[in-house]
Amino acid sequence: MLLTVIYIIAITAEAMTGALSAGRRSMDWFGVMIIACVTALGGGSVRDVLLGHYPLTWVKHPEYLVLTCCAAFVTILIAKWMRQLRNVFLVLDALGLIGFTIIGCQIALEMGHGFVVSAVAGVLTGVSGGILRDILCNDVPLVFRRELYASIAFVSVIFYWLCSHYGLSQDLTILSTLIFGFSLRLIAIYFGLEMPKFIYKEDDGHSASSKDES
Amino acid sequence: MLLTVIYIIAITAEAMTGALSAGRRSMDWFGVMIIACVTALGGGSVRDVLLGHYPLTWVKHPEYLVLTCCAAFVTILIAKWMRQLRNVFLVLDALGLIGFTIIGCQIALEMGHGFVVSAVAGVLTGVSGGILRDILCNDVPLVFRRELYASIAFVSVIFYWLCSHYGLSQDLTILSTLIFGFSLRLIAIYFGLEMPKFIYKEDDGHSASSKDES
Amino acid sequence: MLLTVIYIIAITAEAMTGALSAGRRSMDWFGVMIIACVTALGGGSVRDVLLGHYPLTWVKHPEYLVLTCCAAFVTILIAKWMRQLRNVFLVLDALGLIGFTIIGCQIALEMGHGFVVSAVAGVLTGVSGGILRDILCNDVPLVFRRELYASIAFVSVIFYWLCSHYGLSQDLTILSTLIFGFSLRLIAIYFGLEMPKFIYKEDDGHSASSKDES
């Protein structure tokens, strides 16, 4: 129940980030809706396809597709006032990231997978919607370069795993993971915390030519 | 039967658009064939993977793979005369778009899905081959910016749904949807009809930095 | 047994190429690991999803995920000395390409597919990890433009097929395909052999506008 509410907030927030990205690339209204759906529902779809967990969420509950399309449409209408809403937005997105992660992790555990696979499922659900959005908009995925993002999904999975391992009830586990991951993400945004970067320069022919043409 | 003929025309036309895109990026012959296969058969594969509809078309009928490779090879040979064939090409592509859409929609309906999922399946089958082509060639997918394209697939699904809901036989439904969608697409090309665009400008650090490096 | 050893060498080598690509785009450590996993395990995942061959390798053997993450981490540490190791690297990558191809081909054959599908499965397993890496790093996939690469995977499948058709034992077939494909790849690198390229220029509005904005 709690998870459903969080899920709905999460897909709405993600649909709006997708719509804004599409708007930056001047896509038409239909493209905006497709990008919004991919951003909101793509993470869960990637997880379900990789784990063979059929039917996919949006196939079972097509109403979520309708919801993301509505969210995209509302974003087109209120885009001008979006900048003022920036902080609300970041908060919703943070809630969405952790919500998606918990859901992904839980589904993998219910399927009987162990820690590593459920961690991957959680992180995948949390971040791959945004990655697909950036690929469709022809950007290098921000996820890999922004302040702590994917790594917070990973740490949240560890926290979830520990809580549930030490016998907390499922509701309590979900709630405390949510609060933990959410605070971590807000702290990361506020202080601009970043993972160390790996910078590798090489001047061979290949990478040079690929840069010229990209 | 009619659908099989349309399907074969469609994958041939799509394979040729894929080969031309690969040629614009100066890929080698093998790359041209891979891009052609992805463009022609990728839309159906995405749909089948998302709906869990196994085996995929080209796994069941590998002869379609051979056909797309041949189409790509022919494109390499006749590319010089391609510009004169431009209009033939657009017509075949329009036929392919609607054919793919009808097939995708029908498969979803046969699997027992409702309107929303079958609409998504139809549009996905129609447009995702082209989207994959543009991602592999590192372009922003044209589908989202060209004259009415994905939206025509969507309108065709609605038309198909209405026809079949009001009791038309399947053959008649397919035929009238084909004629309807095909004419719509030709009208859209001829008059350069476009969906309204959503243009969103924002000068924050993130989008600026992502532009610099992309 | 032999194949498992080759597989482990292959995913390690591919994880390292993925990590270096991520480093060229200045990604953070977590992004480096994700790119490494996608490069090393993405080819097999694409094959398994398309053929409906569940569970995926890394779901069944999560230890391979841990291995690729370790390989990525080691790459970050030793990146400075990587240029001197360039040749070792190319050799390992060649071994990986052929190993992946043989494994992909074998899995398709075990599932009862014929020549065309097993050839596609082999080539897909060999090259799609690298393609996903280049898409995530926003490059035009190198696979389609480098010296003979995907085509060597294809020729190796034909060789494998012939060996196994003329009654060689499985071990001997694997070994001779490995030696054949590996030598071919080394010859291609040494002499800079390339497939003929297909170059297509067109100055219509669409491609021009897509270039401006990409």
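Trainee: Where is the place of B:Ser26 in chain B?

Mentor: B:Ser26 sits in the loop between α1 (2–24) and α2 of chain B. Helices here are DSSP runs (H or I, at least four residues), numbered from the N terminus, and strands are E runs of at least two. Before we go on: this is a predicted model, where local features need pLDDT of at least 70, side-chain atom pairs count only at pLDDT 80 or more, and totals for chains, interfaces and linings use all residues. Residues are numbered from 1 along each chain as its sequence is written, chains are lettered from A and ligands numbered from 1 in the order in which they are written, and side-chain values use heavy atoms, with hydrogens and water left out.

Trainee: OK. What is the phi of B:Ser26?

Mentor: B:Ser26 has a positive phi of about 55°, although this residue is not a glycine. In chain A, A:Ser26 has a phi near 55° as well, and A:Ser26 lies in the loop between α1 (2–24) and α2 of that chain.

Trainee: Is B:Ser26 buried or exposed?

Mentor: Start with the cut-offs: buried means under 20% relative accessible area, exposed over 50%, and partly exposed in between (1.4 Å probe, protein chains only). B:Ser26 has 19%, so it is buried. A:Ser26, at 18%, counts as buried too.

Trainee: Next, the peptide bonds. Which residues does a cis peptide bond join in chain A?

Mentor: Look at omega: the bond between A:Tyr54 and A:Pro55 is cis, with omega about -10°. A:Pro55 is in the loop between α2 (29–51) and α3 (57–60) of chain A. In chain B, a cis bond joins B:Tyr54 and B:Pro55, again with omega about -10°.

Trainee: How about B:Val91: which residues is it in contact with?

Mentor: Leaving aside neighbours within four places in sequence, B:Val91 contacts B:Phe182 and B:Leu186. B:Val91 is in helix α5 (residues 86–110) of chain B and is partly exposed, at 35%. B:Val91 and B:Ile189 are 98 residues apart in sequence but 9.8 Å apart in space, C-alpha to C-alpha.

Trainee: Last one: what rotation superposes chain C on chain B?

Mentor: In general, two copies of a chain are related by a rotation about an axis and a shift along it. Here a rotation of 120° with 0.0 Å of shift along its axis superposes chain C on chain B, with RMSD 0.0 Å. The two copies are therefore related as by a three-fold rotation axis. The superposition is by least squares on the C-alpha atoms of residues with pLDDT of at least 70 in both copies.

Notes: Contact means heavy atoms within 4.5 Å.
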